[in-house]
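The structure comes first, followed by the notes.

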Amino acid sequence: MSKGKFYMTTAIAYTSGKPHIGNTYEAILADSIARFKRQQGYDVFFQTGTDEHGQKVELKAADAGVTPKEFVDSVAGEIKRIWDLMDTSYDKFIRTTDEDHEKQVQKIFKKLYDQGDIYKGYYEGLYCTPCEAFFTESQLKDGKCPDCGREVAPAKEEAYFFKMSKYADRLIEHINSHPEFIQPVSRKNEIMNNFLLPGLQDLCVSRTSFKWGVQVPFDTDHVIYVWLDALTNYITGIGYDCDGADTEQFKKNWPADLHLIGKDIIRFHTIYWPIFLMALDLPLPRQIFGHPWLLQGEGKMSKSKGNVLYADELADFFGVDAVRFFVLHEMPFENDGVITWELMVERMNSELANTLGNLVNRTLSMSNKFFDGVVTNTQVNEPVDDDLKAVAVSTVGKVTAKMEDLRVADAITEIFTLFKRCNKYIDETMPWALAKDPAKKDRLATVLYNLAEGIYMGAALLESFMPETAQRILKQLQVEKRSLDTLETFGLYPSGNRVTDKPEILFARQDVKEVLQKVEELHPVKEEENLGPVVDLEPKAEITFDDFEKLQFQVGEIIACEAVKKSRKLLCSQVRIGSQVRQIVSGIKSDYTPEEMVGKKVMVVTNLKPAKLAGIMSEGMILCAEDADGHLALMTPDRDMPAGAEIC
């Protein structure tokens, strides 16, 4: 019997290029939740897709020499291919260039205009092209986009605006009265304190400076703001009709039970989206979860940094389920996770090959060796069995509780705790020793039965996270899929069943040096003839000489330096600049020791607004160069200059 509907979505992927593993993580995370909900008996509808309009796409298409539609068709196809490769079980893949979606976006815009929520005006502000968003000076972070950290540029144009303040108090009340609405709690605090409580400004919801978008139906010089277009996919994709002719699917599934998004777009989903819904007189989604980022090494993945990893390449090396395991298991609930080739190999060997793969292979091999593959519960029990059984039957409750809170990494840890307990049970019972004594044959049979049952239970729980692996285990145990509601009972593996006589290796151990060598061959460092290595960066917005004049650069002499406690990358330097000594915190610990720093003359930005880093006040910035591998080099004068000398 169904437990009811469960409608969930990912953010739709922006079609500016091939998604890296950090983008793909969200689809895998959503899939694991959707699969688990289905196992629990929910009627799940899982929607994902692509966001295809906006200025950035228009520019990318022009650079590629194709039309915007040709460009997004290609990228959307690549995104869908990768989602499919990673075994994501979505029910609908929506594209914002779908005709029915575009028509509804136009209807929604006109409805909001007709009821007075949208009005025509004139916009002058700071615009971030990658984020397709306007900001005021006060909203910027260190003078840059608060969401992506890139440069913003002045923009001035005629535009339509949405009256955000009209609904602000109602949204604040909803957030306060529904603690589950924004998760984790840290994201809620960010939204309330940084955006809602200071007061909302009216939102620009149209543009005239580019053409690739859904036209405003009654003013074709304007295209509809990409976020109004993109966010509404959550309702248009399931059959919302602005004229009131909603489909049965929409009536059944709305409101959404979960919007799963990256933390960088939490503001759009917890302010703009609920206010749009209020204006449309629609109920708000039950929960919006802003997951952290998956970082390459210690930095956010960026094509300009050359540190991008792709899901299909990782799958070629390790297999789809190994990649799924890694990104799900290594991502904390609130903090950013880290992925590297070395860490992938380590987890592959320790968790997948040793803990899981070796357990299954040893158990099946012993069953074949000692009992011709027949697993029989002879019920010759000993006290050592009790703890294994207790761990096994308690695991489903622990996993369910973790999944209810969307703590997916913790849920997987609970499953592998069961597998580790099974491995410990082998060491405790020593089946190879029991096999030497004919009088203990029935005890040996019970031990191997208990192991088969423990693996059977673990495989049932593993299905949501590593579906192919779970199926491979069941195939080797030669049993059918098992439902979650049977997992609080130990002993349901059919006694007398025969396991496969050809156990397969689930995960092969990898050699990290060989993997890194193959990676280097796949992505060789390109060097121009007679030139050293180069690094190409994405160009930032042009500035005027007046902008440059605002910055003050001086030579600083480091007179003392120490590591910042509890930080892997920060050093705290005392820097003499003229007659002053300033304290500057820098993320250079990976390349310099405190001892190496003392005595160096460095280039310092001296008029940067002081800020706290790791709780320590920093009064400037020491400048470094960074190569394609992330290694840093201090910028130093090539001849001796006095501390405080101006750099111009």
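## Salt bridge within a helix

Glu78 and Arg81 form a salt bridge, with the closest N and O atoms 2.9 Å apart; the term denotes a side-chain nitrogen of Lys or Arg within 4 Å of a carboxyl oxygen of Asp or Glu. Because these residues are three apart in helix α3 (residues 68-85), about one helical turn separates Glu78 and Arg81. Helices are DSSP runs of H or I with at least four residues, strands are runs of E with at least two, and both are numbered from the N terminus.

Glu78 is partly exposed at 23% relative accessibility, and Arg81 is partly exposed at 36%. Here buried means under 20% relative accessible area, exposed means over 50%, and partly exposed lies in between (1.4 Å probe, protein chains only).

## Basis of the model

This is a predicted model, in which local features need pLDDT of at least 70, side-chain atom pairs count only at pLDDT 80 or more, and totals for chains, interfaces and linings use all residues. Residues are numbered from 1 along each chain as its sequence is written, and side-chain values use heavy atoms, leaving out hydrogens and water.

## Other salt bridges

By the salt-bridge rule the count is 39. One of them pairs Glu428 with Arg421, whose closest N and O atoms are 3.2 Å apart. Arg421 is buried, at 9% relative accessible area, whereas Glu428 is partly exposed at 32%. Salt bridges with shared partners also join Lys18, Glu78, Arg81 and Asp312 into one network.

## Helix α13 and Asp372

Helix α13 (residues 341-371) bends by about 40° at Ala353, the bend being the angle between axes fitted to the seven residues ending at a residue and the seven starting there. Just after α13, Asp372 has a positive phi of about 55°.

Asp372 also forms a salt bridge with Arg498, the closest N and O atoms being 3.3 Å apart. Arg498 lies in strand β18 (residues 497-498) and Asp372 in the loop between α13 and β17 (374-375), so the pair ties together parts that are 126 residues apart in sequence. Asp372 is exposed at 52% relative accessibility, and Arg498 is partly exposed at 42%.

## Nonpolar surface patch

Ile543, Phe548 and Leu551 make a nonpolar surface patch of about 280 Å². Patch residues have over 30% relative accessible area and no salt bridge, with like charges joined within 9 Å and nonpolar side chains (Val, Leu, Ile, Met, Phe, Trp, Tyr) within 5 Å. Accessible areas come from the Shrake-Rupley method with a 1.4 Å probe, and for residues only the protein chains shown count as cover. Phe548 belongs to helix α20 (residues 545-549) and is partly exposed at 37% relative accessibility.
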